[in-house]
Amino acid sequence: MTVFFISPHGDDRHPGTESKPFATLVGARDAIRALKKAGNFPADGVVVMVRPGEYAGMELAEEDSGPVTYRATERGQAIIHGGCDVTAYITPAAPELVERLDPDVRAQVLQIDLRAAGITDFGTIKGYRRGRQWDEAGFVTAPLELFVNGQPLTLARWPNRGSVIVAGVPNPATITDARGSPEPFFHYTGERPARWRNTGDLWMRGFWTWDFNDESVRIKTIIPERRLIEFDPAAKPSVGVNPGQSYYYYNVFEELDQPGEYYVDRESGRLFFLPPLGSKIRQAFVSLRETPVLSLRNVSHVRFEGFEIMGGRSHGVEITGGSHCVIAGSVIRNVGGNGVMIQGGSHHVVDSCDIYNCGDGGIFMDGGDRHTLTPGGHVAVNNDIHRLGRWKLCYRPAVNIYGCGLRVANNRIHDLPHCGILFHGNDHVIENNEIYRVALESADVGAIYFPGNFAGRGNVIRGNFIHHVGQPDYLCMGVYLDDLSGGVLVAENIFYRVQRAVNIHGGRDIRITNNYFIECEPGICVGLWAGGERSMPESWKKWLMDGPRRELESFAYMKPPWSERYPELASLNRFFHPDRIDYIPPENLTADRNIFWGGTATRFEGEGQPPVMLAMTNNLTATDPRFSQPDRLDFRLLPDSPALGLPGFRAIDVSRIGLYTNQWRRALPAREVRDFRLTAEPPILTIRNNTDIPYDETISLVTVPVQAEASSEPVRVQVDPWQSRQVTLKLPTLPGGSYRLYAYGAGERWPLARAKIVIKSVWQITAISKLADLAECPPQNLCTPDGQIHAQVRLALMDTDLAIRADITDPVPVRVANFWEGSCFEFYVSPMTGSDITQLVALPGAGDSPPAFKRYRGGAETTGWTPSNWEITGTDRGYRLVARVPMAELGLTPNQPFRAEAAVTVAHGKTRIVLFDSYSPYLNNEKFCAVQIAAP
């Protein structure tokens, strides 16, 4: 074996020996090429020993194939980068250059003369539009970024934390059920944008239509007198804009006002920044390289071990084609793209790396042949992946896999804005990963997310530990089998405090076996896709024909190897016709040998879906399974656990989950068992009122350490409709350092994640007298953003009944089978303690259809009951509901506190008006008051 050496004090003219090393990676690469050209390349390969220091990135081609190992002599001390140290060029900013900034920060602003440092390519900020998949959205190279002391700084933005609300659109009639307004305008609130002058390069990032799709768009014009913003026509949101959606502005020079922000003046070539608090500037580094820091094209049998790879505008490592390349024991951070990008080839491995602070995702792997079902063999194993999505939030997970036969195992995945693992294709294995604190800035997503279709089959999700994911009222699932995904085995996973541990959205042929569902609501949720057969719009049926069916048929699924590997696909043929596709219901769903404890086991959604769609056998429910130390996230079963008596049940080997030690990972991080770690700074709460009704609430912050509880001083918060406000809560002085945080508001108590939580504004009924006339009960009004009242709701207790009266102003009442699209009144009720939610739905008559009054429990319609008294009568302005429902039917006890909420949908414009944010877990929660907590 030949051994070369590299040192920052070497010279590429040297022979690369220990005493006379090369100076660069390129020097060693070229020396290996020379060995091959001379016919002297050793059969057992070459090892390149790289001493501590900083080295520029490089590209390898097919001629550089090995066996070759590039190895850092000291792990993490040999740095391969794609940028430049500019610390020597930092000076105080000249006063005349910062006169547009807040007077309080002008003296603290520093500047870097980039041109004096020899830098003339500053990159450009680029927008990104909708796209779940990498090849749909495209990869966008980041502009020049600034990193101080190894941490990425933030482009100057407003607000500094959280977001603001789209106040409205000029023409609301252009909004449809599926899309926002397509016009390139929207209304903003406040006076802030009127201050900004660099309107030629102002940008916004927002969830313009849905909370699972963020897009970055450029401003064309700000019209302060109308509080109107016009998008750049070439970069407006792809699915329109909806009022109430969240966004923020960035690349705004006038908003350079917080430590850790920066701004690049591309005309003068100066970079202005406010250094982070609490530390001296040891290094300032800017990203320059537009191509990956390390690029391997059609390379085989090459390893990189023990490096730090950082500082480029594209990916940290890109591997295209080739086979058996390994990135091991390395730190990959502070890059503009993915940490590692693998496209094609076979049997590439990312092993025991720490990957974080990437602008895009962590590891992307595409390999194998789906047509022949040949596995690609790529593996991502034993990696710690976190803090991603600086440039693109959604669908940029810790690990993203495509193709056939890839494996993701024993990774620690946490602190992400969207999903943890996203997969597509066939025969993948996702096992023994720990995933927590994901989906912190988005909704309708899963910790493990499969946006598949008919063709995605043979995937295994096994032995993972998923806990503390998402945010209250931001729907996040543990395993989300979306869009008719099926053919999946979900086995031996532990789900703890997950909203919907396994969510099946219309899929088929799914087995859920030997899992632990602990404090999940629910453990398994089965829903009909696109609303169900009776309500599925024609546009969805056409999509089924043009998308999923066409893709399935492209794989010749009725012939080997598909017909042999997935024989169940033949059952789809009865739904396929030459010119159409029938609605395909969920079928062949089984759940056996599972533990359900501390939460609801199952829920079924959509058009009276029968629970028999999921076959439940040999499960342990409503019985303490006897875990060892659940409060310490130790879910080993005690010897006397009743679960051990289930036929065929196997206790999960928790020692196999998560990271493990090896030659590169010498020690393991302590498992985080608390929801939040306090800092020395008082928390700042940003209250965002996304409702039509003023928000008026007292909020307290509570910390709960092991054996004590203390509150901060309560703060009275008043926020007008569609506005936001920041308040600071005084942190109580408590010993120790790790606590669980709660926020109190309207009687609710919610543990805080690191991002926003929902403070519910809830109607608490505690002591209403028995009334003979409902009119004596003070009404609550439901109104639109323009202030027009559309409903008045009154409640009263009458004997053992709950009396409800709702006066709905809807001049064109419309009743349809799918009442979400028609006119209806909805009422939600639950005890103060407990989660058993009852939903009552009143639908007015239309045409020959009589009025209807329905009840739902757990998302499924309850039949065989009759309210004591109820009627829906027409009025000159709409209709009136009067009902008396036995409290026992609602799960309530007379004279005891309970929660009640109401919502009205009016037919014209299909506008939904929510009096209080719905307590129902199966609503499209669009209106809420959100609270974000962060250090100031």
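A: Happy to; we can go through the cavities and then the nonpolar cores. Just keep in mind that this is a predicted model.

Q: Great. How many cavities of 30 Å³ or more are there?
A: The count comes to four cavities of that size.

Q: And how much space lies in the largest cavity?
A: About 130 Å³. The largest cavity is lined by 16 residues, and Lys126, Tyr128, Val140, Trp391 and Lys392 are the closest to its centre.

Q: How does that lining divide into nonpolar, polar and charged?
A: For the largest cavity, eight lining residues are nonpolar, four are polar and four are charged.

Q: OK, what about the second largest cavity?
A: That one holds about 60 Å³ of space. Its lining has 11 residues, with Asn338, Phe364, Arg396, Pro397 and Asn400 the closest to the centre. By class, the lining of the second largest cavity has five nonpolar, four polar and two charged residues.

Q: Switching to packing: which residues have the most contacts inside the largest nonpolar core?
A: Those are Tyr70, Leu296, Phe304, Val399 and Phe495, in a core of 96 residues.

Q: What does Leu296 touch, leaving out residues up to four places away in sequence?
A: Leu296 touches Leu60, Val302, Phe304, Val317, Glu318, Ile319, Thr320 and Cys325. Of these, Phe304 is also one of the residues with the most contacts inside the largest core.

Q: Nice. What lies apart from that core?
A: Another core, of 24 residues, lies apart from it, and Ile112, Phe122, Val148 and Ala284 are among its members.

How values were computed
Residues numbered from 1 in each chain as written. Predicted model: local features only at pLDDT ≥ 70, side-chain atom pairs only at ≥ 80, totals over all residues. Heavy atoms only, no water. 1 Å grid on protein atoms, 1.4 Å probe; cavity = no way out; pocket = protein on both sides within 12 Å on 5 of 7 lines; lining within 4 Å. Points joined across faces, edges and corners; volume = space filled by probe spheres on them. Nonpolar A, V, L, I, M, F, W, Y, C, P; charged D, E, K, R; others polar. Core = buried A, V, L, I, M, F, W, Y, C linked by side-chain atoms within 4.5 Å. Buried < 20%, exposed > 50% of the residue type's maximum accessible area, 1.4 Å probe, protein only. Contact = heavy atoms within 4.5 Å.
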